[in-house]
Amino acid sequence: MITRLESNNNKINFRAVKPITIGNKAQSMLTKIENFSSVQQRLAIGGTALLIQPVIDLSNKEVDKDTRWVSAIRSGAKAIVGTATGILVRGACMKATELKLAKRDATGKIIKEAGKITVDPNKIKKILGNGFDSLNLSPKELSDAINRVPSVIGTLVALGAMIITNFALDAPLTNKSAELVEKFANEHSKKFGGTQNG
Amino acid sequence: MANFGQKMVAKFANDNANFLFITAAVGWFLASAAQTFGILTNKKIDKDDKKFLIPQEIFDGAVNIGLYALITTPLINGTEKLINNDVITFKNIKKDSIEFDRLRGGAKVLASLVGAVVSCNVLTPLVRNKLGSIAQRKELKQKVQMQQPSYDPYYQPFFQKNTLRTPLKMNDYITFTKQRGLKI
């Protein structure tokens, strides 16, 4: 419970707020989330967009029923197309970077630890030079950051690739899906006898 | 000595929440640009519709990124402040431990995800729908006005048979009022 939120100088007095303690289960979830890649982020945002946005469009009473349905289906189609291409491009770029920066044995075979591809710190050092030096990280923090480098480089490469793929894939696919939605809406209104204004 | 690019990649690798925040914003900008380009180059959409759809798409993208920054930045910073000031604490974890830093990083990433979902999946569609319905009403009103014959008091009324569309004279006006039994 908050007993006193503001002190005399109008700054938030954090000591007046009763602390919230995060338990073990939530802690393990936060540890997993900390290493979320842009693919998982895109999936989380795209998945919730698919669930929430059509519901918002359907409950928009300011437009007629036909428009509500068309905009809801269009929102859903946009979420599917955007999420699918986003995940595909990001995932492909990140996987390629991960394979390029993976630790390999003398025969060139990728070394895996606990079923996961491990990053070669020497390769990271070659690419980033002394990039980590100014951050003053502890050995454990440095190890975590090094493991995230393929994800970071992969995402940056993906953003570059998306300049092309967004125009070549996203836009035409959205146009195509919008046409399909229009076709579906026309058939839908014929089936139920004309427009469904109301 | 590391160059700017090397330092940025190292910084992003260390601060995942900010990295995901920035890349999501760039991703949405690119997506919005592509959608605008798609409308611009779509030959099936006529010129008049493009005049409405292109600004709408640009506005949609701007609202999306604007709200995302407006909601997510204070959420990330606020979460960090609450953790640093012991308002949010972690059970059995010491403040200066590596585990604490990891959990703080996880909380920041979670805050960025919550901000993205609230701003882009809830607020943007609500704002977009509101603006869309205003634009739709305005367009419908314009169409109705264009279909209706305009009434000009200086010309003969459109429902009269002899519509020569010539300016009315005083005699015409007197005849007209007499016909309807009107008194001045």
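I started with the contacts in chain A: among those between residues at least 6 apart in sequence, 62% join residues at least 24 apart. Contact here means that the C-beta atoms, placed from the backbone, lie within 7 Å.

Housekeeping, before going on. This is a predicted model, where local features need pLDDT of at least 70 and side-chain atom pairs count only at pLDDT 80 or more, while totals for chains, interfaces and linings use all residues. Residues are numbered from 1 along each chain as its sequence is written, and chains are lettered from A and ligands numbered from 1 in the order in which they are written.

Next I looked up the scores. The model has ipTM 0.77 and pTM 0.74. Chain B averages a pLDDT of 80, with 79% of its residues at 70 or above; pLDDT is the predictor's confidence in each residue, from 0 to 100.

Then the layout of chain A. I found five helices and three strands, in the order β-α-α-α-β-β-α-α along the sequence. These are DSSP runs numbered from the N terminus, helices being H or I of at least four residues and strands E of at least two. Of the 198 residues in chain A, 30% are buried, that is, with 20 or more other C-beta atoms within 10 Å of their own C-beta, placed from the backbone.

On to the contact between the chains. Chain A puts in 57 residues and chain B 51 residues. On the chain A side, the elements giving two or more residues are E1 (20–22), H1 (24–34), H2 (38–58), H3 (65–100) and H5 (139–191). H5(A) gives the most, 18 residues. By class I noted 28 nonpolar, 22 polar and seven charged residues on that side. Nonpolar covers Ala, Val, Leu, Ile, Met, Phe, Trp, Tyr, Cys and Pro, charged covers Asp, Glu, Lys and Arg, and the others, Gly among them, are polar.

E1(A) pairs with E1(B), residues 88–90, in the parallel sense over three bridges; pairing needs at least two DSSP bridges. Ile20(A) stands opposite Ile88(B).

Last, the cores (buried Ala, Val, Leu, Ile, Met, Phe, Trp, Tyr and Cys joined through C-beta atoms within 7 Å). The largest has 52 residues, of which Val149(A), Val152(A) and Val9(B) touch the most other members. H5(A) gives the most to this core, 10 residues. Beyond its neighbours within four places in sequence, Val9(B) contacts Leu128(A), Gly131(A), Val149(A), Val152(A) and Ile153(A). A second, separate core of five residues includes Trp69(A), Val70(A), Ile73(A) and Ala178(A).

Technical notes
Contact = placed C-beta atoms within 7 Å. Buried ≥ 20, exposed ≤ 12 C-beta atoms within 10 Å, placed from the backbone.
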